[in-house]
Amino acid sequence: MMKKGFITHRNCIHAMLLFCITWTMLSCSKDKDAPAPTTDPGYNSRIKFVLQDNFNFSVVNVCLMYAGLQDSLAAPGPFTFLAPNNNSWGNLGVGINVTVNTFLFISSQRMRNMMRYHTLYGSFSFRGLPVGTDTAYTTVSGGHLYVKKFVNVKDTVVTVNGVKVESLDNPASNGMVQGLTAVLNPEIYPTIAGFVHNEPNLTMFSAALQRSGLDTALLSGNDVYTVLAPSNKAFINSAGKFPGIDISSIDAILHAAPDKLAAILKYHMIKGRFYQGDLYRVTATAPGKSMIMLNNGKVAVNGNASAYNAISFLGRGNQGNAARIYTPAEYNPGFDYASITCGNGVLYETDAVLIP
């Protein structure tokens with residue numbers, strides 16, 4: 001007879017099986033929402049970790065965290081991420097020692113849109129592009145960015161929306177990281193007219209475009225233009241500067257002769273897509289360092305190419321008082337008023353009206 005409390009070999013096996021089954025069930029229940037472990041031996045060298053390991057990209061790494069996109073760049077991809085270096089954020093008043101709270105001046109959704117605009121589906125080598133490249137790429141956000149490769153004096157340069165790619169082709173196991181020297185303005189509107197009509201600082205320019213008919217005749221189509229758009233304050237300050245026409249108020253603009261208004265506005269437009277670097281480069285050897293505007297008049301381009309938004313535009317009738325990039329009374333580091341990309345061109349908001 002078996003003594004009470006005595007455990008047989010068979011009972012021991014049954015107990016062990018019961019323990020294993022129970023532990024397996026508990027483990028499955030606990031981990032059912034956890035991501036499946038990756039078997040990719042290169043997982044730790046994906047874009048997410050390349051950015052984390054490079055101090056020069058520490059600020060954009062925090063931006064990705066704030067936008068909730070950091071883990072997206074650890075996905076298989078492939079992706080190409082255009083990473084603004086730390087110095088580029090300094091131009092926007094953002095220091096190197098940042099946390100997610102540093103960026104509370106803009107919404108996380110807006111930051112998300114910015115970071116998605118800096119991301120491409122696919123792994124692209126910019127170093128391998130042929131000289132003369134001028135190509136549009138579709139970003140994860142759906143907007144487009146524009147990559148050029150050219151020779152400037154003796155240097156071969158690659159730019160994205162006019163911004164120099166300083167660190168080319170940093171490899172990751174799920175794509176490529178390209179290091180930029182500035183933060184890109186996301187392309188939000190397919191046309192310049194669409195941007196202008198939705199920008200509170202350009203309501204007078206918008207009214208002038210509509211009165212002249214140029215918003216539909218030119219800036220709503222597929223032809224590409226670069227537009228120097230004077231701010232509302234610039235229009236107000238233009239009182240008395242144009243013989244036979246007043247554009248210093250909305251009411252005056254709505255009663256102005258459309259042909260005279262169109263002549264003034266065409267002096268603020270250039271055929272083609274020109275970012276700041278393009279304007280400096282094209283005018284460096286041009287007579288008077290000037291661009292030919294849509295009305296065939298000339299506007300001189302000056303400033304310091306190595307400084308942030310230091311470009312200026314001088315009209316023939318401006319008597320030495322150049323138009324510069326608009327600076328709002330209340331600084332908004334979340335927006336750059338120069339090199340604003342639209343589907344059919346580039347726009348600059350300026351602080352003065354150009355006088356032919």
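This is a predicted model: local features need pLDDT of at least 70, side-chain atom pairs count only at pLDDT 80 or more; totals for chains, interfaces and linings use all residues.
Colleague: How much space lies in the largest pocket?

Modeller: The largest pocket holds about 880 Å³ of space. Its lining is made up of 36 residues.

Colleague: Which of those residues lie nearest its centre?

Modeller: Gly162, Val163, Lys164, Gly277 and Ala305 lie nearest the centre of the largest pocket. The elements that give two or more residues to its lining are α4 (86-90), β4, β5 (155-160), β6 and α12 (276-283).

Colleague: Which element gives the largest share?

Modeller: That is α12, with five residues of the lining.

Colleague: And how do the lining residues divide into nonpolar, polar and charged?

Modeller: The lining of the largest pocket has 13 nonpolar, 17 polar and six charged residues.

Colleague: What lines the largest cavity?

Modeller: Its lining consists of Asn185, Pro186, Ile188, Tyr189, Phe195, Phe335, Ile340, Thr341 and Cys342. Seven of these residues are nonpolar, two are polar and none is charged. Strand β14 (residues 340-342) supplies the largest share, three residues.

Colleague: Now strand β7. Is it mostly covered or mostly uncovered?

Modeller: Strand β7 (residues 175-180) is mostly covered, with six of its six residues buried.

Colleague: Which sense does its pairing with β1 take, parallel or antiparallel?

Modeller: Strand β1 (residues 79-84) pairs with β7 in the parallel sense, over six bridges. Within this pairing, Phe81 has Val177 in β7 as its bridge partner.

Colleague: What about β6 and β7?

Modeller: Strand β6 (residues 163-172) and β7 run antiparallel and are joined by five bridges. The two strands are also connected by a hairpin through two residues. Ala172 has Gly175 in β7 as its bridge partner.

Colleague: One more residue: where is Lys148 found?

Modeller: Lys148 is found in strand β4, which covers residues 144-152.

Colleague: Why does Lys148 count as buried?

Modeller: Lys148 counts as buried because its relative accessibility is 16%, and buried means under 20%.

Colleague: Which residues is it in contact with, leaving aside neighbours within four places in sequence?

Modeller: With those neighbours left aside, Lys148 is in contact with Thr133, Asp134, Val157, Val158, Thr159, Arg273 and Asp278.

Note on methods: Residues are numbered from 1 along each chain as its sequence is written. Side-chain values use heavy atoms; hydrogens and water are left out. Helices (H or I, at least four residues) and strands (E, at least two) are DSSP runs, numbered from the N terminus. Buried means under 20% relative accessible area, exposed over 50%, partly exposed in between (1.4 Å probe, protein chains only). Contact means heavy atoms within 4.5 Å. On a 1 Å grid over the protein atoms alone, a cavity is a set of points where a 1.4 Å probe fits but cannot get out, and a pocket is an open set with protein on both sides within 12 Å along at least five of seven lines; lining residues have an atom within 4 Å of a point. Ala, Val, Leu, Ile, Met, Phe, Trp, Tyr, Cys and Pro count as nonpolar, Asp, Glu, Lys and Arg as charged, and the others, Gly among them, as polar. Two strands pair if DSSP finds at least two bridges between them. Grid points are joined across faces, edges and corners, and a volume is the space filled by probe spheres set on the points.
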